[in-house]
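Hi there,

Here is the structure I promised to pass on to you. Have a look at it first, and then read on for what I found.

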Amino acid sequence: MLSIIEQIKQGKLWDFHGGIHPAENKDLSNKSPIVNAGIPQELVLPLKQHIGSKGDIIVAVGDKVQKGQPLTQGDIAMCVPVHAPTSGTITAIEQRTTAHPSGLSDLCIVIVPDQQDTWCDKTTYADYEDRDPAELIDAIRLNGIAGLGGAGFPTARKLQGGLGNVDILIINAAECEPYITADDRLMRDYAEEVIEGVRILRHIISPKLTIIGIEDNKPEAIKALEQHVKEDDNILIRVVPTKYPSGSSKQLVKILTGREVPSQSRSTSVGVIMQNVGTAFAIKRAIIDGEPLIERVVTLTGEAFKERGNVFAMLGTPIAYLLDKFGYKADKKHPRVIIGGSLMGFTLPHSNVPITKMTNCILAPKRKELPLHTYEMACIRCSACADVCPSSLLPQQLQWYAKDQNYEKCEEYNLQDCIECGACAYVCPSEIPLVQYYRQAKAEIWARSQDEINAERARQRFEAKQARIDRDKAERENRFKKAAETRREEMAKTGGDDAVAAAIARVKAKQAAAQSEKPEVKPAVAAAIAAAKAKQAASAQGATSETLPDNSEMAKLREERKRQARERKAEKEAVESTVSASSNDSKKDAVAAAIARAKAKKAQQASEQKAPVADSVVENAEVDPKKAAIAAVVARAKAKKETQQAQSETTSETEAVDPKKAAVAAAVARAKARKAAQQAEVQSEVTPEPAAETEAVDPKKATVAAAIARAKARKAAQQAAKEQQNIEED
């Protein structure tokens with residue numbers, strides 16, 4: 001039985017399940033050679049233009065850069081740097097919309113070209129055949145080369161994974177997507193450089209066989225390649241039937257080798273490595289010419305373009321610039337700009353989106369050229385989608401589970417094997433956008449897997465931290481234990497005991513001695529303690545007898561307050577009985593008389609109270625006689641003022657109409673007067689006697705002043721009583 005390689009050399013081809021034959025529409029753009037698109041006014045370079053991680057920015061706003069100068073860097077295989085497509089100035093590093101189906105923004109470096117197009121220093125490997133493959137792979141990575149077929153997988157990483165694991169190298173030149181002719185024109189116009197790039201790949205991989213797979217709808221490209229392939233190159237140009245999606249990696253491997261790539265695996269798992277024809281061209285430019293990946297071939301097609309064809313466009317070129325330069329005229333009813341072909345492409349949210357390494361086509365169709373399918377209908381279970389699926393999946397089931405957000409079932413039905421070719425949606429009679437459901441479900445599954453990965457990483461970090469803490473603790477304890485053992489050994493060698501153990505023993509012995517024996521007390525200390533105790537006992541005994549304070553005065557005051565409360569209560573009851581028994585007219589007279597008597601009595605009591613106080617002040621004060629005279633004058637003035645107030649209050653209160661209120665007021669006045677008199681008596685009793693050692697003043701002057709004050713007070717009281725009597729008679 002012949003081996004696979006022998007069968008391939010004999011020209012055998014295989015077939016894959018499903019597939020469709022849509023309208024190709026390649027004649028719109030493959031008739032003219034590739035032209036240069038020129039330098040736009042602004043370049044927007046996303047940091048991530050490949051599958052993998054972003055690089056670290058090594059430039060800043062305001063920096064001057066030259067053509068080919070790296071703008072980012074990274075030291076891992078999945079990180080591909082970005083280079084300046086031309087010389088100019090960096091004006092911004094900010095978020096801009098990128099070429100992605102989500103329409104989301106990403107961090108981008110914005111360059112304003114200086115139109116000089118000045119190159120930086122180049123590093124070339126013209127003698128690549130004498131170079132180590134690892135050195136060439138690193139050069140490919142540093143030149144920013146990623147797969148130009150649309151997937152954007154880092155080329156260096158793919159080559160590194162294929163070293164020693166593959167025996168067949170396949171160059172993908174099928175370009176099966178409708179409308180796209182970038183690879184076709186590249187092989188026609190630059191066939192020699194393409195073949196040279198294939199030779200570099202052969203030198204790196206060292207395969208047993210190299211195959212260039214190309215569809216039979218590209219006869220000019222086939223002839224151009226055959227002209228530059230030599231017999232000792234060991235390169236086979238294999239023409240395959242036109243069938244979509246024969247350009248997909250797994251499907252082309254099946255067609256050319258008969259090997260089937262397992263689910264969720266890459267072609268390297270079956271001993272095959274695949275590179276795009278555009279990638280081979282970029283590798284030649286990077287190794288031989290020292291030019292990093294700063295431009296690529298882009299197909300401009302669709303009836304909305306006035307000038308259709310293929311152009312070399314700098315990475316970061318705004319699509320709006322290409323639309324304006326090549327005569328784009330939007331459809332009036334349904335203007336659309338699509339990145340990619342009619343089956344796998346996606347519509348842009350706006351035209352200010354930059355060209356990236358994965359952009360191979362800009363399609364601007366008119367409404368009649370590419371009708372809009374906006375009326376999704378219910379699935380009729382015709383199974384047409386399953387018949388054309390090149391991955392042998394069940395698109396109908398996947399759509400149901402994706403729509404129901406049952407992502408576990410989607411994974412169970414191998415959603416990740418879907419290549420999003422769009423063949424199922426193309427044949428669906430219900431116009432269901434199946435690929436959109438699959439993309440959304442894949443994005444959600446990826447997000448969940450990332451969350452799980454992050455959670456697992458966090459768990460591992462936590463466990464590692466705990467293990468480190470436990471390890472450090474154990475090491476610390478072992479270190480202390482070892483130090484203690486070493487110390488004991490040293491003490492044993494020197495004939496002594498462990499110092500720590502000896503100290504502990506001494507402390508314990510001291511504590512035991514303190515508990516068993518009473519401390520020795522000195523005679524002087526014992527005498528002082530005894531004296532203190534005796535003094536404390538004497539003070540406690542004295543506090544119960546002699547040292548108790550005399551509270552007799554306070555007791556008298558409390559008794560007096562109780563007596564006053566009883567009198568007030570009796571007066572209140574008398575007033576209430578009087579008010580209830582008297583008539584209206586007699587009530588007025590009685591109230592007026594009671595008020596007058598109360599006021600007079602109050603004034604008399606006040607004068608009598610102040611006169612003795614003035615006498616005592618004059619007799620006992622240790623002040624000047626002038627002060628005594630002044631005190632007497634003040635006493636007379638206060639007595640006169642109180643008399644006047646009593647008269648005015650009597651006059652105003654007699655005008656009251658309500659007899660009850662008048663009677664109550666009279667009773668209150670009498671109670672207040674009686675209370676004032678009692679307080680004066682109490683104060684006179686409580687007032688301490690003057691000191692015996694008080695210095696005497698002029699007795700005659702003091703006696704005269706006191707007598708005058710008493711006379712004035714009596715006179716004022718008599719006058720007030722007389723006036724009150726006159727009021728009562730009236």
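An open sheet is built from 4 strands in the order S2-S7-S6-S4, with antiparallel pairing. At the edges lie strand S2 (43-46) and strand S4 (64-65), each of which pairs on one side only. Strands (E, at least two residues) and helices (H or I, at least four) are DSSP runs, numbered from the N terminus, and two strands pair if DSSP finds at least two bridges between them. S2 and strand S7 (residues 105-113) run antiparallel and are joined by 4 bridges; Leu45 stands opposite Ile109 in S7.

A word on the source: this is a predicted model, in which local features need pLDDT of at least 70 and side-chain atom pairs count only at pLDDT 80 or more, while totals for chains, interfaces and linings use all residues. Residues are numbered from 1 along each chain as its sequence is written, and side-chain values use heavy atoms, with hydrogens and water left out.

Next, please find Thr181, in the loop between strand S8 (168-172) and helix H4 (182-189). Is Thr181 buried or exposed? Its relative accessible area is 0%, so Thr181 is buried (buried means under 20%, exposed over 50%, partly exposed in between, with a 1.4 Å probe and protein chains only). Apart from neighbours within four places in sequence, Thr181 is in contact (heavy atoms within 4.5 Å) with Lys26, Ser29, Asn30, Glu175, Thr299 and Asn310.

Now for the salt bridges. Each is a side-chain nitrogen of Lys or Arg within 4 Å of a carboxyl oxygen of Asp or Glu, and by this rule there are 31. One of them joins Lys122 to Glu291, with the closest N and O atoms 3.8 Å apart. This pair links distant parts of the chain, 169 residues apart: Lys122 is in the loop between S7 and helix H2 (133-142), and Glu291 is in the loop between helix H8 (277-287) and strand S12 (295-301). Lys122 is partly exposed, at 39%. Both residues belong to a network of salt bridges that also links Glu193, Lys284, Arg285 and Asp289.

Helix H14 (residues 434-493) holds Arg448 and Glu444, 4 residues apart, so about one helical turn separates them. Their salt bridge has its closest N and O atoms 3.5 Å apart. Arg448 is partly exposed at 36%, as is Glu444 at 32%. Also in H14, and again 4 residues apart, are Glu463 and Arg459, whose side chains meet in a salt bridge of 2.5 Å, N to O.

Happy exploring!
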